[in-house]
2 protein chains.
Amino acid sequence: MSEISDLQAQIIELKNELQKYKSSGGRDKIEKMSSEVVDSNPYSRLMALQRMGIVQEYERIRTKSVAVVGVGGVGSVTADMLTRCGIGKLILFDYDKVELANMNRLFFTPDQAGLSKVEAAAKTLNFINPDVQILTNNYNITTMESFSKFLDAINTGGIDGNGPVDLVLSCVDNFEARMTINTACNELNINWFESGVSENAVSGHIQLLKPGETACFACAPPLVVAENIDEKTLKREGVCAASLPTTMGIVAGMLVQNTLKFLLNFGEVSNYLGYNALIDFFPKMTLRPNTQCNDRYCLERQTEFNSKPKVLQEVTVVEDDTPLHDDNLYGIELVSCDDTSSSSSSAAPQALETGLKFAFDAAPQTKEHTPDDANVDVSLDELMAQMKSI
Amino acid sequence: MSEISDLQAQIIELKNELQKYKSSGGRDKIEKMSSEVVDSNPYSRLMALQRMGIVQEYERIRTKSVAVVGVGGVGSVTADMLTRCGIGKLILFDYDKVELANMNRLFFTPDQAGLSKVEAAAKTLNFINPDVQILTNNYNITTMESFSKFLDAINTGGIDGNGPVDLVLSCVDNFEARMTINTACNELNINWFESGVSENAVSGHIQLLKPGETACFACAPPLVVAENIDEKTLKREGVCAASLPTTMGIVAGMLVQNTLKFLLNFGEVSNYLGYNALIDFFPKMTLRPNTQCNDRYCLERQTEFNSKPKVLQEVTVVEDDTPLHDDNLYGIELVSCDDTSSSSSSAAPQALETGLKFAFDAAPQTKEHTPDDANVDVSLDELMAQMKSI
């Protein structure tokens, strides 16, 4: 009998210990965001934004739905930030698995190695904030079959499941996936942000693509940050891409900060913001659409945008009312040029701001006559001339 | 008998389940950083930095020790990034507990509510990267008794436990703690970075303080980012501080990126880098020491620095050799002025760069005659004039 009670005591002890692990965490759902200043309120510091006059009605974040495509170094931190900000709905897309080789970036932990990125992320995010609705899509959006699923997912991904998502955030690492998102967003007329980090890990950027209003991803070669590194010291061949949690974290921060400004209508949303980590330089500019773009939906959107009365064009930038902080009390001169509204009538690409360059020098594919020297480096002037002739 | 074997079977089952939770995760320590490109190597993407010519001998990070003072919104992400980068040793300081009200920032999770910040952080960081030596200090550095413990901790916190830490990172949220770090670092001649985020969550900065070479924290009122918000819309009174994971993450990213550049000698380390989230503006400048500084150790360090031959002064910036990327192929003009070497002979504070301002307008405490209107707003010119007369 004493053996039995010993064993029973052991069982109780083990169950208690197990319970500690199982219940470690989580919090209950919160019905309504409160601005009460108590240690137990996960939203007090966010609601303070509205009491300080930075954001009007912060709770509107709960009515917003965002798709995050690519849950890697930038996408996972992006999803983490949006979750902690209390976004209404997050739709994650990735088809990769977590690896130990990802541990030099934020978010994933070694125990998640081998798990699908979207599932591992959703579990962590749901644990951090159970108020956020999280949907996962574990497939490659660039395949023919998946593309229609992707189209459908973002077109019905709104907060209520009927309309489209409010924004798509591209956090992918390749050209093909970016073009896929571009095609989908042009067709569905959905605004999206592109983001990217260089292979040597020391630069990155974000870019806002509003169909018809700013350049789409097919309008010109991708715009990237020009690193002022002597080309002689660069050794890219046969080397896997480098990455740093710092650069990824900063790019995710820039992406989500501009997402918040866009969704909640405060401050100025940057159309393009670059980051050169070696010299802490952050170039900005606005890319206008190419009237000769290959993407027919881009051309349709341009026509639609240009047919709107000028005053309406401006209103499309905001949601409910004018931005909160559009004055510039300190007369700070920006590197950016923000005159998109009158620009889409010209086929000539605009001059690049200092510190930016096109990712590649080749003329767009549809150029009918490819010169023999198409692969030879050409000057920006020559490139511009080529592009004008598309 | 069957009851006993039932109970024993139950015990085995419970033990197995418990083991699953206990062992969920972690990875074994790694003796030497490898650049092998395999999914199981957590350092492959970091070692690629050296193969790409960005960093020379990335493994040197393992010989570096950094103190992080304050493990809140900025400090926790800072520690996370450094841990994932494989820093040799991290010494954490904080005396606060995790609360649900911290969940709107990255890193901590709801299950950690109530735990000490340093202990919760150390556990997570150790789980993420067991190769990093992590020490915790759970006390308030500003008390008389703790100050000597703090001095001792950073003065013997080097990688081998004999010399001082390589760098102190201030991630605290109040003036007193910053002044405490300043006092300690001036006395011990330790380089440190200050960081800060505004109470309305939409601006932040980092600042490098090299005793004798750049301004110390007592040389002038703290320099902060001027937000171009109409003061009429600001409502600060009776409101708890707002915070955003985006702003905190970007400031932590700027802090750790410059820490990596400083420790591993690549790129250009920024002496001051600000961030205005509302307009994505990143002002830079260099603050020179005040020859009339109140801190006597600051004055000693200035004398030491000025007595060094000019060529030596330049060498103190680097560790082993010249920085890897000090050329500027694109002729990018920076907002910064980087002429610290010849400046510490003048008592007059330099003009502020656009987008920056002093945190408060009052003249430093030791000013012998406090005018009756000391609390009234004064113009920058008047402030400058006052400061010249210290």
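**Entry 1: an arginine in chain B**

I started with B:R178, which sits in helix α6 (residues 175-188) of chain B. Helices here are DSSP runs of H or I with at least four residues, strands are runs of E with at least two, and both are numbered from the N terminus. This is a predicted model, where local features need pLDDT of at least 70, side-chain atom pairs count only at pLDDT 80 or more, and totals for chains, interfaces and linings use all residues. Residues are numbered from 1 along each chain as its sequence is written, while chains are lettered from A and ligands numbered from 1 in the order in which they are written.

Is B:R178 buried or exposed? B:R178 is buried, because 23 other C-beta atoms lie within 10 Å. The cut-off for buried is 20 or more other C-beta atoms within 10 Å, 12 or fewer is exposed, and in between is partly exposed, with C-beta atoms placed from the backbone. Leaving out residues up to four places away in sequence, I found B:R178 touching B:S170, B:V172, B:E194 and B:F217. A contact means C-beta atoms, placed from the backbone, within 7 Å. I also checked B:S195: it is 17 residues from B:R178 along the chain, with 9.4 Å between the C-alpha atoms.

**Entry 2: helix α6 in chain A**

Buried residues in α6(A) include A:R178, A:I181 and A:C185. Among the elements covering the buried residues of α6(A) I noted α5 (144-155), β4, β5 and α8 (296-307) of chain A. Just past α6(A), A:N189 has a positive phi of about 60°.

**Entry 3: the sheet**

I traced an open sheet of seven strands in chain A, in the order β3-β2-β1-β4-β5-β6-β8, with mixed pairing. Strands count as paired if DSSP finds at least two bridges between them. The edge strands are β3 (133-137) and β8 (272-276) of chain A, each with a single partner, so one side of each has no neighbour in the sheet. I then picked out β4 (residues 167-170) and β5 (residues 192-197) of chain A, which run parallel over three bridges. A:S170 has A:E194 in β5(A) as its bridge partner.

**Entry 4: a valine and the other chain**

A:V256 is in helix α7 of chain A, and it counts as buried because it has 32 C-beta neighbours inside 10 Å. Which residues does A:V256 contact, leaving aside neighbours within four places in sequence? I got A:T78, A:M81, A:L82 and B:T246. For the contact between the chains, 94 residues come from chain A and 94 residues from chain B. α7 (245-264) of chain A is one of the helices that supply at least two residues to the chain A side.

**Entry 5: confidence**

The mean pLDDT of chain A is 84, with 78% of its residues at 70 or more; pLDDT is the predictor's confidence in each residue, from 0 to 100. I flagged residues 314-320 of chain A, where pLDDT stays under 50. I flagged residues 362-390 of chain A too, with pLDDT below 50. For the complex, the predictor gives an ipTM of 0.83 and a pTM of 0.83.

Technical notes:
Two residues are in contact if their C-beta atoms, placed from the backbone, lie within 7 Å.
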